[in-house]
Amino acid sequence: MPLAEVPVAVPNPFRLDLTGKQVERLFQISPDLVYIIDVNLRKMVFISNRVQDILGYTYDDIQQMGGSLISVLIHPDLNRFVAETYQRFAALKEGETAKFTFEIRHKNGSIRSIRSRATVLTYDEQGKNHLIMNVAEDVTDALAHEMDLQKKQYQINETEVIFKCGSWEWQKNEKGIRWSEGLFRLMGLAPEAYPDKCVTRAFFESFIVPEDLARVQNYSKTVLAEKNDTFQIEHRIIDAAGNLKYLTLRARCQYGEDGRLERVIGVAADRTEIETYQKELERRLVALKKSNQDLEQFAYVASHDLQEPLRKIIAFGERLDKKYKEQLGTEGQFFVERMTNAAYRMNGLIEDLLTYSRVSRQTESLAFISLEEVVKNVIEDLEVKIQDKNATISIDKLPTIEARPVQMHQLFLNLIENALKFTQPSVAPVVTVKARKANIQEIKGIMQINPHETYYRVSVSDNGIGFEPEYAERIFTIFQRLHGRSEYEGTGLGLAICRKIVESNHGYIEAHGKVGGGAEFIFYLPLRQHETR
Amino acid sequence: MDTTEIREARKSVMILIADDDEDDRMFTKEAFEENYLLNEIRFVSDGVELLDYLKRRNKYINPDDSPRPGIILLDLNMPKMDGREALKAIKSDPDLRAIPVVVLTTSKAEQDVLQTYDLGVNCFITKPVSFAEFIEVARTVGHYWFDIVQLPNSLD
């Protein structure tokens, strides 16, 4: 490739006259790609053989392409780009460097990004720019890296905006703490106002509310004294705009071999929304508890006070019947009997109401009890009824769980009594009590249940009259009855009490049934109770 | 002891009933009478009156009007001073705590049972709803406290 003899300007005092061959050699050993363009001839007159390392083309390849690489240049408007580049070359001033970045296709087909710096090497007779020397490098990897960094930075910024958080970093020998843009925003400050993004510790502390400051400072001291590598504390700040914010501060501390703190990198997150939400939730919970307590107290007192006059109606009725039987006559005795029966029924209602309200008062303490024992005791209690009805009660192996013993007795008593009550006239009743561990598929959709705990699934099923499936929920409602009193005795509270017992033991109960096809009551109870739940 | 002596011994135990409800007083009296328990029965209508009686204060200042009872039947829910407070006062008074106290109430609540036993009640009885059963309870109470149990001698 021809190369004109060019005078090389080397600043004094190291002036050096090099021959064309020497200059070419110099260009060839340069780690950068060197190429020279003749502006007048509008062609490349030299390219160093680094071109083969960078772009894969040999001198022969380039010869075949007409001594030019324009055919492998990638540009949406190639002609305009080439024309503009020549204009730029022609306009280059003495000592000026023009920078270009362009893409070019490697011999292997991949696209490389080339950054090129152009300077005037020689002038023609008219004093116009003649030869332009270009020093180029492959910046493909550097560009990709830079792009990657930009993307990451963008991602971090977006994350900080979305999560209302910011990060900071401190390093040994650095005068301040480096804040991320998000942290400035968190403090109600414009990141642009702090070009070096560095602030002092005192600056940060000036935002902490005075009541929390000592606690935060003491905590930091303890962490450093104990050489803990994690740091977490919650405190309040008042931001630059005067808003009270709740922050969670987390950091990781790195210590050097000498045990001295070397680097701390941390995150501050704004949990004001969560805090507000939580406070509101707590406030409502307190109000709800109070209202429930009032209601329970009311039910308890009302039941008690209602019982008194009722007892008297019954007592006077009985006295009347005993002392004045003769005078009353048959009809009179019948009236008194009806009156006393009505009073007894009301007494039953009140008793059940009392039981119902007592369940939620949680006066009973927890114990590990065998449900099998409980059911056996219930069966003993119901011995007479079971024999009268010629019923069969079959029980599986039942687990031992933590629960309130009297309540568990009441639960099984109500369910089994229920099964013995709603029987088909011509069929011998069969009641089956089964239990097994509940699987996650069964319990995951139940709101009342914590899927991370172990639950037992207990079922009490019968071959009785069943009920219409649409009533499956309603039968648990207080005073809800599906049948007339003359058909089946009852106060309409039995199942409501069951639900209350199951729920107060942190479980869940449901009913399945169809008319004439029996009923099945399924309840889930946890193996262990956690009083704090 | 012959039968007459036993009768006399039983009769000598005076029953003091603290109940604000007139009907209930009547029922209790009738229930004891049904069982041919011929003990003297006296009534007070609330905790304040009960303590006045026992400590011989105000209208009970004259000892003739306030002989020491052999047993006290106590209702829990009464005006002014309820049964729980009265029980506490009796059981913390060295002169009075020897007198057996039987709580006779409509309450079945576990908390009432626990609390009154805690305060030192001698027994807790829930009034049955049926009067026939109540007569039965009165019979048992009479039998237990007047026939079986050795009561402390009255120091008056």
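# A guided tour of chains A and B

Among contacts in chain A that link residues at least 6 apart in sequence, 58% join residues at least 24 apart. The model on display is predicted.

**First stop: the six-stranded sheet of chain A**

Select strands β7 to β12 of chain A. These six strands form an open sheet in the order β9-β8-β7-β12-β11-β10, with antiparallel pairing. At the edges are β9 (198–199) and β10 (230–238) of chain A, each of which pairs on one side only. In general, the strands of a sheet pair through backbone hydrogen bonds, either parallel or antiparallel.

**Second stop: the five-stranded sheet of chain A**

Move to β14, β16, β17, β18 and β19 of chain A. They form an open sheet in the order β14-β16-β17-β19-β18, and here the pairing is mixed. The edge strands, each pairing on one side only, are β14 (392–395) and β18 (508–513) of chain A. On average, neighbouring strands of this sheet are turned by 15° against each other, direction ignored.

Within this sheet, select β17 (residues 455–462) and β19 (residues 519–526) of chain A. The two strands run antiparallel and are joined by seven bridges. One pair to display is V460(A) and F521(A), the latter in β19(A), which stand opposite each other.

Helix α11 (residues 371–381) of chain A lies across β14, β16 (430–437) and β17 of chain A, running at about 170° to β14(A). Helix α13(A) also packs on the sheet, where it touches β14, β16, β17 and β19 of chain A; its direction makes about 25° with that of β17(A).

Centre the view on Y456(A), which lies in strand β17 of chain A. Is this residue buried, partly exposed or exposed? Y456(A) counts as partly exposed because it has 19 C-beta neighbours inside 10 Å, whereas a buried residue needs 20 or more.

Y456(A) and Y524(A) are 68 residues apart along the chain, yet their C-alpha atoms are separated by 5.4 Å. Beyond its neighbours within four places in sequence, Y456(A) is in contact with P399(A), I401(A), A435(A), K437(A), A438(A), Y524(A), L525(A) and L527(A).

Return to α13(A) and select it from end to end. Its 17 residues should span 24 Å at 1.5 Å a residue, and its end C-alpha atoms are 24 Å apart, so the two values agree. Buried residues of this helix include Q407(A), M408(A), L411(A), F412(A), L415(A), I416(A) and A419(A).

Then display the largest nonpolar core, which has 46 residues. The members that touch the most others are L371(A), F412(A), L415(A), I416(A), C498(A) and L525(A). Helix α13 (residues 405–421) of chain A gives this core its largest share, seven residues. In soluble globular proteins, nonpolar side chains tend to be buried together.

Not counting residues up to four places away in sequence, C498(A) touches L411(A), N414(A), L415(A) and I509(A). A second, separate core has 37 residues, including V44(B), L87(B), L104(B) and A138(B).

Select chain B. Its six helices and five strands follow the pattern α-β-α-β-α-β-α-β-α-β-α along the sequence. Of its 156 residues, 31% count as buried. For contacts in chain B between residues at least 6 apart in sequence, 67% join residues at least 24 apart.

Finally, show the contact between the two chains. Eleven residues come from chain B and eleven residues from chain A. On the side of chain B that touches chain A, helices α2 (22–34), α5 (110–118) and α6 (131–148) each supply at least two residues. Coloured by type, the residues on that side of chain B divide into four nonpolar, four polar and three charged.

Definitions and conventions: Residues numbered from 1 in each chain as written. Chains lettered and ligands numbered in written order. Predicted model: local features only at pLDDT ≥ 70, side-chain atom pairs only at ≥ 80, totals over all residues. Core = buried A, V, L, I, M, F, W, Y, C linked by C-beta atoms within 7 Å. Buried ≥ 20, exposed ≤ 12 C-beta atoms within 10 Å, placed from the backbone. Helix = DSSP H or I, 4+ residues; strand = E, 2+ residues; numbered from the N terminus. Contact = placed C-beta atoms within 7 Å. Nonpolar A, V, L, I, M, F, W, Y, C, P; charged D, E, K, R; others polar. Pairing = 2+ DSSP bridges. Expected span 1.5 Å × (residues − 1). Axes fitted to C-alpha atoms, helices over the stretch in contact; angles between N-to-C directions.
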